[in-house]
Amino acid sequence: MLAAYWYPRHGVVFSIALSLGYLATALLIFEGGAEQIVSVVARAAVYVAIGAVVSLLSFRLREQEERYRGIFDNSEAGTLIIAPDDGTRIEEVNYVGATLLGSTIRGLIREPITRFIDDPETWDEFVAKIRRDGAAYGYETTLRRIDGSAVRALVSGGRLPGGRFVLTLIDITARKNAEDALREANARLNMLGRLTRNDLMAAVFGLLSRIAEGTRQFDDPAVRQYINSLEEDARLVQRRAEITRDYQDLGLRPPEWQPLQRVIREVVSCLLLPGISVRSWVERLEIFADPKLDQVFSNLIENAFRHGKTVSQIVITYQIQEDGLSIYIEDDGVGIPEADKEKIFAYGFGTDGGLGLFLVREILAITGMTIQETGTPGEGARFVIHVPPDGYRIV
């Protein structure tokens, strides 16, 4: 049994050899009839069977140990085993984890993990969740390396037998720095756009004032017609500038999970829709989208009210598909002509130079969503928003 345990690949051979030795010795020493011989042979067979079972179990145990040791040592994430004594001391750590904390494997053994935690409250909350639920995922925190430098990490953990728990650390410093830099760049671009828009609005206001003055001074019909065309162009520029004000912060804040039912309810409460009922059947559905998601549904609902003519109700539903999820916004108005189904999302489409549906598509595209119009002309408009598989969840 010992030989089978320590040398599992040759355990059966050892068992057979030792059983044959026992069998030969027993047959030479003991004198007896067939009954005693059968008993000795049976014992030898049982020894071989026990050796084979022990060898097989030992082999599988070592195979699993080598497999998980390989995963532990070669994982691209820093992995630590926390000892059960006080719940903070490092019992094992792989090379990636030691490098992330700015030390060596040997130098981290028995060190308290709390030494490297920059936010004790987050750590306490994290450990409490592991002990309560058995696992905790995706905690963003700041770690302090041995030299005092900061590392931003994504921490996950799970409970192990014997009171231990395992931690995985993923260095997201570069990603967070890139996000911060992008956010700062967007903020500066938005500030520049705001200043440019203010200058443009001031120039348009001055131009409209001069046009109004010209209208009062000139009575010639040809001149009046020319001045009116100038006023229309100036008004178009003014409307475009006013519309972009609502989207000046687009992309400034990161996307987030948003409960769709609440978003629609808040949008409808802010719109004046006399004679139109809006019914949404999207309970428990959350969408990963830009914070401007409310503007998407505000534009779609308001467009139905303004251009649907005979609209009396708007219904919003969803359906899970093989390639993601579809959200349907349907009304019972006059619908959209076949020739305009794609044009309505183009920049500046329409008589008022609006950017509503163009920016709706841009907002959705930030998180990989698409939109198209599939309604039947004369029966109503039907907008379909396609959400990728990782962009929705049912809670």
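Residues are numbered from 1 along each chain as its sequence is written, and side-chain values use heavy atoms, with hydrogens and water left out. Because the model is predicted, local features need pLDDT of at least 70 and side-chain atom pairs count only at pLDDT 80 or more, whereas totals for chains, interfaces and linings use all residues.

Helices (H or I, at least four residues) and strands (E, at least two) are DSSP runs, numbered from the N terminus. Two strands are said to pair if DSSP finds at least two bridges between them. Strands of a sheet pair through backbone hydrogen bonds, either parallel or antiparallel.

Axes here are lines fitted to C-alpha atoms, for helices over the stretch in contact, and angles run from 0 to 180 degrees between N-to-C directions.

Strands β1 and β2 run antiparallel and are joined by three bridges; Ile 81 has Glu 92 in β2 as its bridge partner.

## A pocket and a cavity

Rolling a probe the size of a water molecule over the atoms shows where empty space is left. On a 1 Å grid over the protein atoms alone, a cavity is a set of points where a 1.4 Å probe fits but cannot get out; a pocket is an open set with protein on both sides within 12 Å along at least five of seven lines, and lining residues have an atom within 4 Å of a point. Grid points are joined across faces, edges and corners, and a volume is the space filled by probe spheres set on the points.

| Space | Volume | Element giving most to the lining |
|---|---|---|
| Second largest pocket | about 350 Å³ | α3, four residues |
| Largest cavity | about 60 Å³ | α6, three residues |

The lining of the second largest pocket includes Glu 65, Tyr 68, Arg 69 and Phe 72, as well as Ile 81 and Glu 92. At least two lining residues come from each of α3 (34-74), β1 (78-82) and β5 (165-171).

By this rule, the model holds three cavities of 30 Å³ or more. The largest cavity is lined by Ile 117, Thr 122, Trp 123, Phe 126, Tyr 139, Thr 141 and Val 155. Two or more of these residues are given by each of α6 and β3.

A second open sheet, of three strands, has the order β6-β8-β13 and antiparallel pairing. Its edges are formed by β6 (256-259) and β13 (392-394), each with a single partner strand, so one side of each is left without a neighbour in the sheet. Neighbouring strands are turned by 25° against each other on average, direction ignored. Helix α9 (residues 260-269) packs on this sheet and touches β6 and β8, its direction making about 65° with that of β6. Strands β8 and β13 pair in the antiparallel sense over three bridges, and Leu 285 has Ile 394 in β13 as its bridge partner.

Glu 286 is placed in strand β8 (residues 285-289). This residue is buried (under 20% relative accessible area, with a 1.4 Å probe and protein chains only), with a value of 14%. The side chain of Glu 286 makes a polar contact with the side chain of Arg 393 at 2.7 Å. A polar contact is a pair of N or O atoms within 3.5 Å; within protein, one must be able to donate a hydrogen and the other to accept it, and residues adjacent in sequence count only if both atoms are side-chain atoms. Not counting residues up to four places away in sequence, Glu 286 touches several residues, including Trp 257, Pro 259, Tyr 392 and Arg 393; contact means heavy atoms within 4.5 Å.

Thr 367 lies in the loop between α11 (356-365) and β11 (370-373) and is buried, with a relative accessible area of 16%. Its side chain reaches the backbone oxygen of Phe 288 at 3.2 Å.

Strand β12 (residues 382-387) is joined to β10 (residues 324-331) by six bridges, the two running antiparallel, and pairs with β11 in the antiparallel sense over four bridges. His 386 in β12 is the bridge partner of Ser 326 and also stands opposite Thr 370.

Key. Buried means under 20% relative accessible area, exposed over 50%, partly exposed in between (1.4 Å probe, protein chains only).
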